[in-house]
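Hi,

Here is the structure I promised to pass on. Have a look at it first, and then read on for my notes on what turned up.

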Amino acid sequence: MPLPARRSAVFSLSAAAIAVLVASPVSSQQAASPIARYDMDVGTVTGLAAMGSGMGAGLSMMFGGGGNKQAHELVLRLGSSRAPAAGAPKADHFMPAVAKLGASVPLVSPKPGTRTDVPEELPKDFQRPKGRLLIYWGCGAKAGPGQPVVIDFAKLTAGQVPPDLFAGAMPVDRSVTVGNSKTYGEWPNAETRKLLSSDSSLLGEHRVAGNYSPEIKFALAQDFMPAITGKSSPLAGGATQISWNTVANATGYYAWVMTAKANSKGEFQDMVWWSSSASRQFGGALWDWIAPAQVAKLIQQQVVMPPTQTSCTVPAEVTAAGGEFALGNLYAYGPEANFAYPPRPANAKTPWKPEWTARVRYRSNSMWLLNGPDMDAMMRGGDSSEAEPPKKKKKCKGGLGGLLGAVVTGEGC
């Protein structure tokens, strides 16, 4: 299952509620599209998502180096307008040796009637969300006018979405999907157990070959981006400052925080969601990989923070409305490499009909507990004499709060 779909299932905490709010449309192929399109999404991950338990375990096929400070993620998608030349669809991505994934990884085509672009099914005992979602946005010690926007989950799951909930439309992406491809293949998939290593590299020659697309060949000179590490500190008056290191090649930054406050019974009721955007922009493409040109536009619109910015203040109202559970997330969007055969003509008037195109996108991401344990120390771990015995997994409580608690504590469910 592609990474964006899995993360949507975990981060949004409820496919029935928040996913409705942040769904991002996907564009169809243009009339003069190539025979084959290839997407390669490359990421560096730190914090909770890089650990070998909790969330990290659910993403183990994509990540490597769970016991280190950082991990790598890689998502491959091949789409073609052709049917297989003979037999079942088959395609492989042949990697450079430094990738440490063997000679190649298989791009497996989903079985007919299956979907790979939706979250996993919710548990049978999952309870529909109750309570409210309070939405805040913007960097500053105090929340701006018109905040919070309050969403009643009961009304939302009944299809009553508040009008003008968000300030504007996010960009439409042209990602390769099952829906816009006659034949489609992807990695990671359920048929392979190869794992990235924390020291894997993508530098060098790459080749994609199969029985439903032309051979694709390109060389990468850009490797995984450096790690981004988020930190937080409380400020006088109740606000919280989040900060991060400068990431080389970053085109812009985006942050969000989600928290919940429990009642006297230990049940989570009100959820609080904050975004660093100066306007009501949440989720969707902002949780994905974004092209540098689009990031530049979002910086102008104050949706994404510029690459020169390394801190942002979460308003005091977010802390007051939330509770002890506070999950922080940071994105550093990176460069993009594009390849095609034959190459695009220099003269714009010259007709261009490529056989294939390939796009490689980069980003760095971190998830951590605001004002919680030091993530660097957690990733390093202690010696065996200090290790605690494994805890029995708890059964998740129903609703958004139960899932948030499982994600924040890292205990899973």
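Lys90 counts as exposed, because its relative accessibility is 53%.

Before the rest, a word on confidence, as this is a predicted model. The average pLDDT for the protein is 78, and 69% of the residues score at least 70. Two stretches need care. Over residues 1-31 pLDDT stays under 50, and the model has 100 contacts beyond four places in sequence for them. Residues 381-413 also stay under 50, with 52 such contacts beyond four places in sequence. Where pLDDT is low, the predicted coordinates should not be read in detail.

Salt bridges

The count comes to 10 salt bridges. One of them pairs Arg361 with Asp41, whose closest N and O atoms are 2.8 Å apart.

Another one joins the side chains of Asp199 and Lys100, at 2.7 Å from N to O. This pair also links distant parts of the chain, 99 residues apart: Asp199 is in the loop between β7 (183-187) and β8 (204-210), while Lys100 is in the loop between β3 (91-94) and β4 (104-106). Asp199 counts as partly exposed at 46% relative accessibility, and Lys100 is partly exposed with a relative accessible area of 44%.

There is a network to look at as well: salt bridges with shared partners join Asp39, Asp41, Arg77, Asp288, Arg359 and Arg361.

The disulfide

How many disulfides are there? The count is one, formed by Cys139 and Cys312 with their sulfur atoms 1.9 Å apart. The torsion about the S-S bond of Cys139 and Cys312 is about -105 degrees, so the disulfide is left-handed. The two cysteines are 173 residues apart, with Cys139 in the loop between β5 (132-137) and β6 (149-152) and Cys312 in strand β14 (residues 311-314).

Aromatic rings

Searching the whole structure gives five aromatic pairs. Among them is the stacked pair of Tyr331 and Tyr333, with 6.4 Å from centre to centre and 10 degrees between the planes. Tyr331 counts as buried at 0% relative accessibility, and Tyr333 counts as buried at 0% as well. Elsewhere, Trp256, Trp273 and Trp287 form one aromatic cluster.

Which rings have the charged end of an arginine sitting over them? One is the ring of Phe94, where the charged end of Arg207 lies 4.2 Å from the centre. Another is the ring of Trp289, with the charged end of Arg363 at 3.7 Å from its centre.

That is what I have so far.

Cheers

Definitions and conventions
Residues numbered from 1 in each chain as written. Predicted model: local features only at pLDDT ≥ 70, side-chain atom pairs only at ≥ 80, totals over all residues. Heavy atoms only, no water. Salt bridge = Lys/Arg side-chain N within 4 Å of Asp/Glu carboxyl O. Buried < 20%, exposed > 50% of the residue type's maximum accessible area, 1.4 Å probe, protein only. Helix = DSSP H or I, 4+ residues; strand = E, 2+ residues; numbered from the N terminus. pLDDT = per-residue confidence, 0-100. Contact = heavy atoms within 4.5 Å. Phe/Tyr/Trp six-rings, centres within 6.5 Å; stacked < 30°, edge-to-face > 60°. Lys NZ or Arg CZ within 6 Å of the ring centre and 35° of its normal. Disulfide = S-S within 2.5 Å.
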